[in-house]
Amino acid sequence: MIIWMIVAVLCIVYGICIKRIGSGTRFYLVWFAMGILAFGCMIGAKIQIWSRIPGVIQKGMIAITLGVIAIFLFIEGCVISMYGQSGKQGLDYVIVLGAQMRESGPSKVLKYRLDRAIVYLNHNPGTICIVSGGKGTNEPCSEASGMKKYLVENGISKDRILEEDRSFNTVQNMKYSVKFLDNKGASVGIVTNNFHLFRAVRLAKKQGISNVYGISAESTVFYLPNNMLREFLGILKDFAVGNL
């Protein structure tokens with residue numbers, strides 16, 4: 001019972017932390033929901049509700065729980081397998097995926113992506129950069145234009161940067177960015193945070209970018225549980241609707 005109470009408090013406190021960073025989404029509500037569920041389990045343990053459930057239903061619930069855990073571990077294993085990817089040298093293009101843009105400039109998550117792209121572009125002067133991301137209702141400009149500004153300020157020639165400013169999710173990032181390629185056989189690197197790379201590369205392949213490589217950027221350790229959970233649900237959703 002005490003364990004459930006601790007889990008509930010941790011989930012709610014963590015959800016508050018996620019909300020405070022202003023990521024531009026309402027995913028923090030998932031942590032609140034998990035906290036409420038944990039409180040429910042705590043109450044259920046206190047009144048010993050498990051012992052009142054018929055044995056057949058207990059076995060079914062256990063089987064479902066174990067199945068969900070197995071799927072979660074498999075998907076997270078796929079996500080982790082893409083950590084540390086650095087692409088290859090001499091790519092024709094790199095696509096930098098957008099994230100929250102603020103009045104002060106790129107969010108920390110987006111800076112990780114842009115800084116990783118800068119390193120690659122400096123080592124590969126012949127590579128063209130596509131910055132991909134539209135303007136959300138809570139953003140001062142399109143992510144693409146803000147990203148281009150940051151890259152230029154950090155020494156990347158504006159002539160090497162193409163702006164894709166219509167997309168609002170990863171599927172659209174790929175769908176609209178592929179139109180900038182001079183041919184579908186072009187070699188392409190996808191620059192995004194490590195936790196996001198597996199899904200991004202799979203989505204790129206689905207959009208016909210066959211010669212694709214992942215280029216992994218860092219992420220903030222404290223927010224990694226949120227990002228990993230969000231990726232898990234995102235992969236399930238994309239698989240269900242046929243995007244993967």
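Is Phe232 buried or exposed? Phe232 is buried, with a relative accessible area of 7%. Keep in mind that this is a predicted model.

**Phe232 and its partner**
- Phe232 pairs up with Phe72 in an edge-to-face arrangement, with 4.9 Å from centre to centre and 70 degrees between the planes.
- Phe72 is partly exposed, at a relative accessible area of 30%, while Phe232 is buried at 7%.

**Other aromatics**
- The model has 5 aromatic pairs in total.
- One aromatic cluster brings together Tyr14, Trp31, Phe222 and Tyr223.

**How H7 and H8 pack**
- Helix H7 (residues 197–206) packs with helix H8 (residues 224–240) at an angle of about 20 degrees, and their axes are 10 Å apart.
- Angles under 35 degrees count as roughly parallel, so H7 and H8 are roughly parallel to each other.
- Their crossing is left-handed.
- On the H7 side, the contact uses Phe198, Arg199 and Leu203; on the H8 side, Glu231, Gly234, Ile235 and Asp238 take part.
- Sorted by class, this contact has 3 nonpolar, 1 polar and 3 charged residues.

Key
Residues are numbered from 1 along each chain as its sequence is written. This is a predicted model: local features need pLDDT of at least 70, side-chain atom pairs count only at pLDDT 80 or more; totals for chains, interfaces and linings use all residues. Side-chain values use heavy atoms; hydrogens and water are left out. Axes are lines fitted to C-alpha atoms, for helices over the stretch in contact, and angles run from 0 to 180 degrees between N-to-C directions. Helices (H or I, at least four residues) and strands (E, at least two) are DSSP runs, numbered from the N terminus. Angles under 35 degrees count as roughly parallel, over 145 as roughly antiparallel, 65 to 115 as roughly perpendicular and the rest as oblique. A crossing is left-handed if the near helix is turned anticlockwise from the far one by less than a right angle, and right-handed if clockwise. Contact means heavy atoms within 4.5 Å. Ala, Val, Leu, Ile, Met, Phe, Trp, Tyr, Cys and Pro count as nonpolar, Asp, Glu, Lys and Arg as charged, and the others, Gly among them, as polar. Rings of Phe, Tyr and Trp (its six-membered ring) pair if their centres lie within 6.5 Å; planes under 30 degrees apart count as stacked, over 60 as edge-to-face and the rest as tilted. Buried means under 20% relative accessible area, exposed over 50%, partly exposed in between (1.4 Å probe, protein chains only).
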